Each structure stands twice: as structure tokens, then as C-alpha cells.
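Notebook open, chain on screen. I'll start with the fold, then go through salt bridges, surface and pocket.

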Amino acid sequence: MRPTRRRTRLLLAASAAVAALVVPLGVHVARGADSGTAVAPPKPEPAGSECRTTVEGSRVVAYCHNPYPSTDLVQLHTECARWWDVDADGAAVEVAPGRTVRLEDRCWKEIATTWVSHRPAPL
């Protein structure tokens, strides 16, 4: 093999390697990734009710107020302290915008824990 053929092949291989490295960088720059004009993702709209829960003996009462423009579904969950006492999950209640609802439940004896779960209402 002559030195010119070898040199030609080496130059072709080197130019192909440079092209393989430069083309993705050019595409990246062309899409505006390095232009400093990054588009921020949209912020989610605030939603959900604010709930106050009060436990007195074997009864629990929760007041949930929805200050946001979307309807919220709230559900009261009660875990009783005694092993033979049945834990309860109340029915889901819609809280319309600007409204307050009252949720209540009870155990036969003491209440161990209670909480309110939230989820958006179906459209």
C-alpha cells in the first residue's frame, strides 16, 4: 500500500469521527438549549381543602374549607385504638369552591388516629 492511500484513508476516518462529534452539538445548539431562553414548565393550579380535625373521646369532627376555584373530594379516615373496634373510612364528600363541609365519625372507645384524604373531583 502506498503512503498516499494510507494518508487518504486516515484523513477520511478522522473527518468522519469529527463529523460524528460535531453534528449532535450543532443540533443541540440549533434547538436553543444553549441560548439561555429555557422555557419553565407550567405551574400547577393550587387546589385542595384546608381541614381542621378535633378528637373528643370517641368522636372525631373535621371541618374542611376549600378556598380554591376547583372542587375537592375529601374523605375522613378513623383508626380506633381497640383491636375489636372497627376502623372506618367515611364517604367522599365534594367541597365546592368557597364552601365548608363537616365530616364526623366515632369509635366505641378511644380513637388512635384520624386523617382526611383529598383528591380532585372528576370533571
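**Fold.** Reading from the N terminus, I get the order α-β-β-β-β-β-β-β. That is one helix and seven strands; I took both as DSSP runs, H or I of at least four residues for helices and E of at least two for strands, numbered from the N terminus. This is a predicted model, so I kept local features to pLDDT of at least 70 and side-chain atom pairs to pLDDT 80 or more, while totals for chains, interfaces and linings use all residues. Residue numbers start from 1 along each chain as its sequence is written, and side-chain values use heavy atoms, with hydrogens and water left out.

**Burial.** I looked up how much of the chain is buried: 20% of the 123 residues. My cut-offs were under 20% relative accessible area for buried, over 50% for exposed and partly exposed in between, with a 1.4 Å probe and protein chains only.

**Salt bridges.** How many salt bridges does a search of the whole structure find? I got two, counting a side-chain nitrogen of Lys or Arg within 4 Å of a carboxyl oxygen of Asp or Glu. Side chains of opposite charge can pair when their charged atoms come close.

I noted both as partly exposed: Arg82 has a relative accessible area of 34%, and Glu110 comes out at 36%.

I also checked Glu110 against Arg59: they are 51 residues apart in sequence, and their C-alpha atoms are 8.2 Å apart in space.

The other pair is Glu104 with Arg102, at 3.6 Å from N to O. Glu104 is exposed at 54% relative accessible area, whereas Arg102 is partly exposed at 45%.

**Tryptophan patch.** Next I asked which residues make the nonpolar surface patch of about 520 Å². They are Trp83, Trp84 and Trp108. Patch members need over 30% relative accessible area and no salt bridge; like charges are joined within 9 Å, and nonpolar side chains (Val, Leu, Ile, Met, Phe, Trp, Tyr) within 5 Å. Areas are Shrake-Rupley with a 1.4 Å probe, and for residues only the protein chains shown count as cover.

Trp84 is in the loop between β3 (72–80) and β4 (88–89) and is partly exposed at 42%. Trp108 belongs to the loop between β6 and β7 and is exposed, with 62%. I also looked at Trp108 and Cys80: 28 residues apart along the chain, their C-alpha atoms are separated by 8.1 Å.

The largest pocket has a volume of about 150 Å³. On a 1 Å grid over the protein atoms alone, a pocket is an open set of points where a 1.4 Å probe fits, with protein on both sides within 12 Å along at least five of seven lines; lining residues have an atom within 4 Å of a point. Points are joined across faces, edges and corners, and the volume is the space filled by probe spheres set on them.

Its lining includes Ala47, Gly48, Asp72, His118, Arg119 and Pro120. Strand β7 (residues 111–120) gives the largest share of the lining, three residues. I sorted the lining into five nonpolar, four polar and two charged residues, with Ala, Val, Leu, Ile, Met, Phe, Trp, Tyr, Cys and Pro as nonpolar, Asp, Glu, Lys and Arg as charged, and the others, Gly among them, as polar.
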